[in-house]
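Here are a few notes for a first look at this structure. Please read them with the model open.

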Amino acid sequence: MAALTWDDVGDKLYETGVDHGVLYLPDSSGVYNTGFAWNGLTTVTESPTGAEPSAQYADNIKYLNLVSAEEFGGTIEAFTYPEEFAQCDGTELPSPGVALGQQIRKMFGMSYRTKVGNDVDGMDFGYKLHLLYGALAAPSEKAYATVNDSPEAISFSWDISTTPVPVTDYKPTSLIVVDSTVVDSADLAALEDLLYGAGATEAALPTPDAVIALFAGP
């Protein structure tokens, strides 16, 4: 085996940025077949929880570790959001321009893109697609402040929790990440056509099984 080396040219990788946000709403059967562009997305924080070890003792020794279930949640921050997200934020629109708060919150799906850079190509090296399923937004604070000599746009923020969806041969999941620097470019283009729409085909969020099948090869 060859000796290990560090910091070779092209191997200094990093991740940054977030863009290409899309909101997906499920139909009555839970299929995410309607997508809407999410402009003004500033931050998506992924915050897994759980997977905590619980030590078990027997025979006067540490016998094993049992691990609790892992859950996925996070935070979405943006300067604005699609009008269709209102129903996910507990708001109903009985007529244009009239909004009722404290209504039922609808689950949603989401996709967004983060940049992958290196020391040669910079941020043009590649990107990762993050696919989020079964998300539910919690009530959030909105701070409206007076305009002054250092004006700032209001930043909206939502804490989200998720309910994992089934995946054949794997445990249920709420998040899939696809790395453009690794997967086949044609398969990646096919996935993006599904996520963002193409021609007369509407944007939609494919199931985890469909995503896995897309990159499974012949």
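1. Start with two terms. A residue is called buried when its relative accessible area is under 20%. Contact means heavy atoms within 4.5 Å. Keep in mind that this is a predicted model.

2. Take helix α1, residues 185-196.

3. Which residues of α1 are buried? They are Leu188, Leu191, Glu192 and Leu195. These residues lie on the same side of α1, because they cover an arc of only 100 degrees around the axis. The general rule is that an α-helix has 3.6 residues a turn, so residues three or four places apart point the same way.

4. The length of α1 also checks out. It has 12 residues, and at 1.5 Å a residue it should span 16 Å. The end C-alpha atoms are 16 Å apart, which agrees.

5. Look at both ends of α1. At the start, a side-chain oxygen of Asp184 comes within 3.0 Å of the backbone nitrogen of Ala186. Just after the helix, Gly197 has a positive phi of about 85 degrees.

6. Next, the hairpin. Strands β7 (residues 92-95) and β8 (residues 98-100) run antiparallel and are joined by 2 bridges. Ser95 stands opposite Val98. There are 2 residues between the strands, and Gly97 in the turn takes a positive phi of about 85 degrees.

7. The largest nonpolar core has 18 residues. Those with the most contacts inside it are Trp38, Leu41, Ile76, Phe85, Phe108, Met110 and Trp158. The elements giving two or more residues to this core are β1, β6 (70-78), β9 (108-118), β10 and β11 (156-162). Another core, of 15 residues, lies apart from it; Tyr32, Tyr127, Leu129 and Val178 are among them. In soluble globular proteins, nonpolar side chains tend to be buried together.

8. Leaving out residues up to four places away in sequence, its contacts include Trp38, Ile76, Tyr81 and Phe85.

9. Finish with Leu175, in strand β14. Which residues does Leu175 touch, not counting those up to four places away in sequence? They are Glu46, Phe72, Tyr112, His130 and Leu131. Leu175 and Thr163 are 12 residues apart in sequence, and their C-alpha atoms are 10 Å apart in space.

How values were computed:
Residues are numbered from 1 along each chain as its sequence is written. This is a predicted model: local features need pLDDT of at least 70, side-chain atom pairs count only at pLDDT 80 or more; totals for chains, interfaces and linings use all residues. Side-chain values use heavy atoms; hydrogens and water are left out. Two strands pair if DSSP finds at least two bridges between them. Helices (H or I, at least four residues) and strands (E, at least two) are DSSP runs, numbered from the N terminus. The expected span of a helix is 1.5 Å times one less than its number of residues. Buried means under 20% relative accessible area, exposed over 50%, partly exposed in between (1.4 Å probe, protein chains only). The arc is that of the directions from the helix axis to the C-beta atoms. A polar contact is a pair of N or O atoms within 3.5 Å; within protein, one must be able to donate a hydrogen and the other to accept it, and residues adjacent in sequence count only if both atoms are side-chain atoms. A nonpolar core is a set of buried Ala, Val, Leu, Ile, Met, Phe, Trp, Tyr and Cys residues joined through side-chain atoms within 4.5 Å.
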